[in-house]
Amino acid sequence: MAGTWWNSAAFTHVLVALFGMGSWISVNCLWVELPVVVRVLPEGWSLPVYLSVLIAFGNIGPIAVTIMHHCAPGQLNERLVIHSIQVLAVVASIFLAIFWSQVATVAGEVRSVPYLLLTFVLALVCCTSNVTFLPFMFRYPPQYIRTFFVGQGLSALFPCVVALGQGVGKLECKLNNGTVQAHYLDENFPAQDFFWFLFVMLTISALCFMALTRREITEPASQETPEPEVVTTKENGEETHPLQNGGTLLSEDQVELEKATPVQTFWTPRNIYLLVLLGVSNALTNGVLPSVQSFSCLPYGTMTYHLSVVLGNIANPLACFVAMFVLCRSSVGLGFMSVAGGVFAAYLMALAVLSPCPPLLGSSAGVSFVVVSWIIFTGLFSYLKVVIGTLLHKAGHAALLWCGVFIQAGSLIGALSMFPLVSIYHIFAESEDCVDNCS
């Protein structure tokens, strides 16, 4: 009985989702907890700028992995790299929970050296995961790629839910000496506990990866007795029961052979088109729009901001789950989907530019439009990323490597393009709490 659930497809999907969850949960936790730590650390509200720069430097990891794959095809042990960065992330999260508030004097100024150093380590791990976790998933049937992206969606959802329970950003408008002032409420638990939550999530992800590697050893032996085919295919090639394991797990020798085989037919117009769509979608969802989410939502109130963040992060794994049953394989359809997502992105960007006085301010319609726009924008591009990852899975191990590269490159370009606009030129104006910003 134990062997049945251990080797079941459903349990594999759970392991893959929790493994994928560990890819970006560290950076997501750091962003979510910023409203708490900025009130303690000496950098104050300039801390997001430091965080953006450190995440950009974290791209040293994927650059090194990509160069290794190019210079020595088939020589990089992905499993060892994943184990190493997961252990590094777990250890860094322990030190972050203990020393995050410690400071040191650097060049005559007080700096939060432990927090910044550990932020770089966690950013390095997250960035490197895009070019190691996805190629590792090549040995699994295509439907598990979709489960992996569901896990990546959970890496954004879980920290938001915990932050809501923590009470991040709650405030009251109080009358003080004839003026209304914002009074921020204390959190239900400190940042230290939140970082311990990060440690638990990273540990779970690492243990799930260990379980996946163990099952790779035991599963071939369990397949000595042929079993009935559990997945049938339609004429268009899509699985009729995508939640079940419709293919066999590739052996390590098969994976290594695929990695060492020169790729000659990958760079087709269709694959280039898919990679460009993937890069653009990640530039918007991971770089451009997150940089201005507060500007587009906060003029309508803190509740609007929290609803946009939480419901948008719910739309992410939900769209990935839908992709497990309905998979759009048409290039034209994917193009229309990206254009539709771009329309909502343009609307949200316009709201950010018009901050602190966007249209329909003070009305329920304005709140509804901005929340629904964030949900649809996130859902469409999340679905798009899952579909592209699934389609590229068929092109081989190198395709998933380039998939990770374009995800990371798009995210980096999006973040770097917004950094000077937000932090240097101050194109976007902040909305002050408890104040009529448009009178």
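Colleague: Why is Leu360 called partly exposed?

Modeller: Leu360 has a relative accessibility of 42%. Buried means under 20% relative accessible area, exposed means over 50%, and partly exposed is in between, with a 1.4 Å probe and protein chains only. Leu360 therefore counts as partly exposed. The model is a predicted one, in which local features need pLDDT of at least 70 and side-chain atom pairs count only at pLDDT 80 or more, while totals for chains, interfaces and linings use all residues. Residues are numbered from 1 along each chain as its sequence is written, and side-chain values use heavy atoms, with hydrogens and water left out.

Colleague: What makes the backbone of Leu360 worth a remark?

Modeller: Its phi is positive, about 60 degrees, although Leu360 is not a glycine. Most residues other than glycine have a negative phi, and most peptide bonds are trans. Leu360 lies in the loop between H15 and H16. Helices here are DSSP runs of H or I with at least four residues, strands are runs of E with at least two, and both are numbered from the N terminus. That loop also contains Pro356, which is joined to Ser355 by a cis peptide bond with omega of about 10 degrees.

Colleague: Which parts does the pair tie together?

Modeller: Cys357 lies in the loop between helix H15 (331-354) and H16, and Cys438 in the segment after helix H17 (397-424), so the pair ties together parts that are 81 residues apart in sequence. At 36% relative accessible area, Cys357 is partly exposed; Cys438, at 37%, is likewise partly exposed. By contrast, Cys320 is buried at 1%, and Cys403 is buried at 0%.

Colleague: Why are H14 and H16 called roughly parallel?

Modeller: Two packed helices are described by the angle between their axes and the distance between the axes. The axes of helix H14 (residues 302-323) and helix H16 (residues 364-393) come within 8 Å and cross at roughly 30 degrees. Axes are lines fitted to C-alpha atoms, for helices over the stretch in contact, and angles run from 0 to 180 degrees between N-to-C directions. Angles under 35 degrees count as roughly parallel, over 145 as roughly antiparallel, 65 to 115 as roughly perpendicular and the rest as oblique. H14 and H16 are therefore roughly parallel to each other. Their crossing is right-handed: a crossing is right-handed if the near helix is turned clockwise from the far one by less than a right angle, and left-handed if anticlockwise.

Colleague: Which residues of H14 and H16 meet?

Modeller: Contact means heavy atoms within 4.5 Å. Among the residues that meet are Leu307, Leu311, Ala315 and Cys320 in H14, and Val367, Trp374, Ile375 and Tyr383 in H16. The residues of this contact divide into 14 nonpolar, seven polar and no charged. Ala, Val, Leu, Ile, Met, Phe, Trp, Tyr, Cys and Pro count as nonpolar, Asp, Glu, Lys and Arg as charged, and the others, Gly among them, as polar.

Colleague: What describes the crossing of H10 and H16?

Modeller: The axes of helix H10 (residues 143-166) and H16 come within 9 Å and cross at roughly 145 degrees. This crossing is right-handed. Ile145, Arg146 and Phe149 in H10 meet Lys385, Val386, Gly389, Thr390 and His393 in H16. That contact comprises three nonpolar, three polar and two charged residues.

Colleague: Is Ser93 buried or exposed?

Modeller: Ser93 is buried, as its relative accessible area is 0%. Ser93 belongs to helix H7 (residues 78-99). Neighbours within four places in sequence aside, Ser93 is in contact with Leu122, Phe195, Leu198, Phe199 and Leu202. Ser93 and Phe199 are 106 residues apart in sequence, yet 5.2 Å apart in space, C-alpha to C-alpha.
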